[in-house]
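This report describes selected features of one structure, beginning with a single side chain and moving on to the sheet, a helix and the charged pairs. The sequence and the model are shown first.

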Amino acid sequence: MPKTFKKVNPLISFKEFKKRAVIISSFTSSTGKRYKVKSIVGNEMYFLRLDAKSDLEWSMNLEEVYRAYKELDDFATNNFKPYVPITHSPARGLLIHLGLLE
């Protein structure tokens, strides 16, 4: 049975969410993949997947990760698809790292 996650701070503002996100340098997805944050420009987070064979830089929009957090009740990675293309697992991993899901 897949692990289920629940919101820890459903009332967090985007301002507080971003304030927490900009200070992290790395995080791990819920599947154990490690990511190193390269930069945050505007609301876009750029990062590398440390376990990958390539140096491909990924990005995800923090506003959309926040919107997913506010709107979703089921945090299965597939449910992140309408919010963040491709980066479903990193998005959930970021929320876990920020202490917003348990």
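## The surroundings of His88

A polar atom of the His88 side chain lies 3.3 Å from the backbone oxygen of Val84, a polar contact being a pair of N or O atoms within 3.5 Å, where one must be able to donate a hydrogen and the other to accept it, and where residues adjacent in sequence count only if both atoms are side-chain atoms. His88 belongs to helix 3; helices (H or I, at least four residues) and strands (E, at least two) are DSSP runs, numbered from the N terminus. His88 counts as buried because its relative accessibility is 14%; buried means under 20% relative accessible area, exposed over 50%, and partly exposed in between, with a 1.4 Å probe and protein chains only. Apart from neighbours within four places in sequence, His88 is in contact (heavy atoms within 4.5 Å) with Thr77, Phe80 and Lys81.

The model is predicted: local features need pLDDT of at least 70, side-chain atom pairs count only at pLDDT 80 or more, and totals for chains, interfaces and linings use all residues. Residues are numbered from 1 along each chain as its sequence is written, and side-chain values use heavy atoms, with hydrogens and water left out.

Four strands form an open sheet in the order 1-2-3-4, with antiparallel pairing; two strands pair if DSSP finds at least two bridges between them. Strand 1 (26-28) and strand 4 (57-61) are the edge strands, each pairing on one side only. From one strand to the next, the twist averages 35 degrees. Strand 2 (residues 34-41) and strand 3 (residues 44-49) run antiparallel and are joined by six bridges. Leu48 in strand 3 is the bridge partner of Lys36.

Helix 3 (residues 88-97) lies across strand 1, strand 2, strand 3 and strand 4, and runs at about 110 degrees to strand 1. For such angles, axes are lines fitted to C-alpha atoms, for helices over the stretch in contact, and the values run from 0 to 180 degrees between N-to-C directions.

## Helix 2

## Salt bridges

The structure has five salt bridges, each defined as a side-chain nitrogen of Lys or Arg within 4 Å of a carboxyl oxygen of Asp or Glu. One of them joins Glu102 to Lys6 (3.7 Å, N to O). Glu102 lies in the segment after helix 3 and Lys6 in the segment before helix 1 (14-21), so this pair ties together parts that are 96 residues apart in sequence. Another joins Asp51 and Arg34 (3.2 Å, N to O). Asp51 is in the loop between strand 3 and strand 4, and Arg34 is in strand 2, 17 residues apart.

In helix 2 (residues 62-71), Glu71 and Arg67 are four residues apart, about one turn of the helix. Their closest N and O atoms are 3.3 Å apart in a salt bridge. Glu64, Arg67 and Glu71 are linked in a network of salt bridges.
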